[in-house]
Amino acid sequence: MTWRFWMSRLALWFAVLVIFESASAASPEEMIAGGSRKVVKLYGAGGLRGLEAYQTGILVSAEGHIVTVMSTVLDSDEIDCVLDDGRRYRAKLAGVDPRRELAVITIAGEDLPFFALLESDRVAIGTRIFALSNLFGVAVGDERVSAQHGVVSAVVPLEARRGAYEAPYQGDVYVLDCTTNNPGSPGGALIDYRGQLIGMLGKELRSTASGIWLNYALPIDELARGYREILSGESQFVTTNTITAALDPVFLGIILVPDLLDKTPPFVESIIPNSTAAQACVQPDDLLIAVGGKAVASRTAVQGALGRLAEGDPVLLTVVRQGSIVDLDLGPLQKEESRQKLLPAP
Amino acid sequence: MLGMQRYFETIVSLARLGLCLLFAAPFLHATSQSADDLDAVLELQQRRSNTIRIASQTAVAIFAGEAGGGSGVLISPDGYALTNFHVVQPAGLAMKCGLSDGRVYDAILVGLDPTGDVSLIKLVGRTDFPFAELADSDLVEVGDFCFTAGNPFLLATDFQPSISAGIVSGTHRYQFPAGTILEYADCLQVDAAINPGNSGGALFDANGRVIGVNGRASFEKRGRVNVGVGYAISANQLRNFLGFLKSGQLIDHATLGATVATSADGRVVVSNILETCDAYRRGLRYDDEIVSLADRSVRTVNAFKNILGTLPAGWRVPLVYRRSGRRVEIVVRLVGVHATGELAAIVSGGDRPAENRSEPNREKSEEPQKSPPIHGTPPAAMLPESLRGLYEERSGFANHYYNAVERTRVADQIATRGMFKDHDGPWIFTGRLANDERFRIELSNTSGIIDLPTGTTKVDATGDLDANLSPPGSGGMLAALLLWRRLLREGPVTLGRTTYWGTIPLSQAALGRPAQPLLADVLEASVAAVECRFTVDQQGGVMGVELWPSSDADPCEVRFIKPFSNDLPEMPQIIEVQHGNERFGVFHVESAVLGIMDADTKNGSVENTLDGDPRVGSGGDL
């Protein structure tokens, strides 16, 4: 055994000691209190059968970036965000990562507490955790979100569904032994016994295999990667709010569902036979999630995104079809005068 | 908190232990360190087992035959146990209760708080029941270790309670009334499993003290099984209501007589106020901003409801409001939420909470299914042998028998402070007012007379007292003092229609705080056309009298301050009289002479003077 070997062990041992000494300085009550200050209650669209109008978010920057799950709650121009101390802000959607069903919203607040979102290592099975979330909407105003305790029971790929649709994210998740699958919990923070953020509670999903409701969280590395990609535009699903001239996709042969809501999701109602869309195999019930790589959350957004294309630009549509994401190429955007004059069937 | 801290330290210790073993070879001292840690862990484990074992002895498994059952917790050696209203409601007057000693005890209903979903029962057959203490639930923090001992799914057929452990998930939660009535205000939220059947059982802290009574859970898509979200009625709310529960009454919750709403700029403001309520008479008006209630700050409507929901009707609490930037402090008397007879109708099943009603936050409360009403179902004659004589029916009461028990207890306590029975002659008090002018009060069997710098007034003690509220402006000071003399001389039973009313905080600082045992007993008497309430402290000292000539007017409030110590019988040193917003006067007593109409001399008396030297002798006049 060399001197160097023992010295390295010694150094490691002290490092470990320091970590645990510093960890034991804070009580779990303090860690929950500290963590909860960085968790927000979100209120948006919904409130109908089985669709809650509230969820949870995690503050991840001093500039007011919040990570949460991509859901119908965010399908509103009026997303309200309430901090632990009762401060209330109107939040704006900054971007989404449809594959991880992750969204980033922003608030214009000052002196915001936040978790540093780093692509840290995953925690081991058996790690004790606290889950902090806006479950059942029981906390309002300056009331603190709910804390639950549990253990990471497994780290496995997510095989889950919502209704008949398979969840798009199929990477690893932490399976938890506590019931975190409750209304309002999605977007909640998973912290360890040192108070570090280790994951985010996922959407309310059932196991594809057994049909039981899954208690799980997106691990920190996936969360951080998704966040970084949304902010850098790498995910190419960043929304922009500047709409030029709206262009309805009917000229491509796509009839969207009627525009009934504030943000009607852009589902394809029907396809005009022999149209460009029909040739490119766009199908009824497809959900358009991106046009030319830009995320589209509503019918209006689809029209806006098409309107921004120049003649000759490729018309690339991304749709969700039976739980899978499908990219479709509809060829270059034709000149206005040469576009097919298509009318929907009566 | 301590428990969770230790629990946490254990985890860290275990982690360190593992690492120590890993690095054991080069560092011998690490091995001894790990041994210490292991001992600490084992000791902690042992302590927790002991705490749970001791707490389990206080758990009550309540069986109500076909009507179901639930849980309860013993809180006194003579068998008082807390449970939920919704557990007792289907059970009726009498219950079979199993304890962890394997024995079954008969229990009788004592008091009901339907709005708070609480009821008090009494197990009979022992005077040495194991019991748990109520903790100060305001000291509970999110993250604290907690556990329950109860009878989920009625599994405890051998009466051994099921234990579930977890952490406190939230404090000061407000849960909307389920159906029409059961409201959980300022409750504790826990992730320890609370399932149907856990209702009425205790939520314990790491030291085995009761921080709440479980009774409700959030259910949603999985049916009526726990999803990590249960609620417990806080120990501090229970403490506020305990005296009322022991009074055998159907207890009502409080309203301010005003509703509040959040204004556009986020303040909590009065949105509606009844002109007949006490708060209005104290000066509260529409659009005033509520700053605090009962010394707790009000920042949301939920917070307001939380505070109000833990307070019994009839309590007076401080309220701070702001109007045009000016901060005003008042003390308001809370009134009952329900009209006369309304609670009785609810209890007897006339107005049953709706089943599975969707709540604003999609809650479904844990409530009994269709159940028989309490009143009329098991007539007293059908009670088991052991419970005979422990029930007395009276309108407005769950069980009037226990009211008489409490009334007797308080009367006995008053009697320990001095025997006034023989002092049937005039009681004469002389002294100085705040402005140093002199006063003289004479109370006798026939009249009350007061000499003040402003003149002399007299009240006939033999007739109705509501017609003469002398001296003017006092609201009935002489009448109140005459009734006080009668209470001390005759005791509560012959005074009039006297009941044990419940408890009130003796000082405002005592609100919900167990640290200071300052809840005082209150006797209520309907006598000589007036209503009056006597406040009696833990030592049997009568601390005050409130007299109402009518229910919607301000009472005359008489407070006795600093009674003479060590002297029997005791007389007050200072008498304060308040009427509405006005302080009528502060009377500094320099001499108190309690006359005795002796058959021979007619002039025997006991005199107390300020120096505390009691003299028994003749010559009562000053």
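This is a predicted model: local features need pLDDT of at least 70, side-chain atom pairs count only at pLDDT 80 or more; totals for chains, interfaces and linings use all residues.
Residues are numbered from 1 along each chain as its sequence is written, and side-chain values use heavy atoms, with hydrogens and water left out.

Chain A is divided into domain 1 (28-232) and domain 2 (249-340), with bounds that come from an automatic or database domain assignment, and the C-alpha centres of these two domains lie 31 Å apart. Nine residues of domain 1 of chain A are in contact with seven residues of domain 2 of chain A, contact meaning heavy atoms within 4.5 Å. Across this interface of chain A the rule finds zero salt bridges, a salt bridge being a side-chain nitrogen of Lys or Arg within 4 Å of a carboxyl oxygen of Asp or Glu.

Turning to the backbone, D285(A) has a phi near 80°, a positive value in a residue other than glycine, and D285(A) is exposed, with a relative accessible area of 55%. For A529(B), phi is near 70°, again positive in a residue other than glycine, while A529(B) is partly exposed at a relative accessible area of 42%. Here buried means under 20% relative accessible area, exposed over 50%, and partly exposed in between, with a 1.4 Å probe and protein chains only.

Finally, the peptide bond from S470(B) to P471(B) is cis, with omega near -15°.

Note on methods. Chains are lettered from A and ligands numbered from 1 in the order in which they are written.
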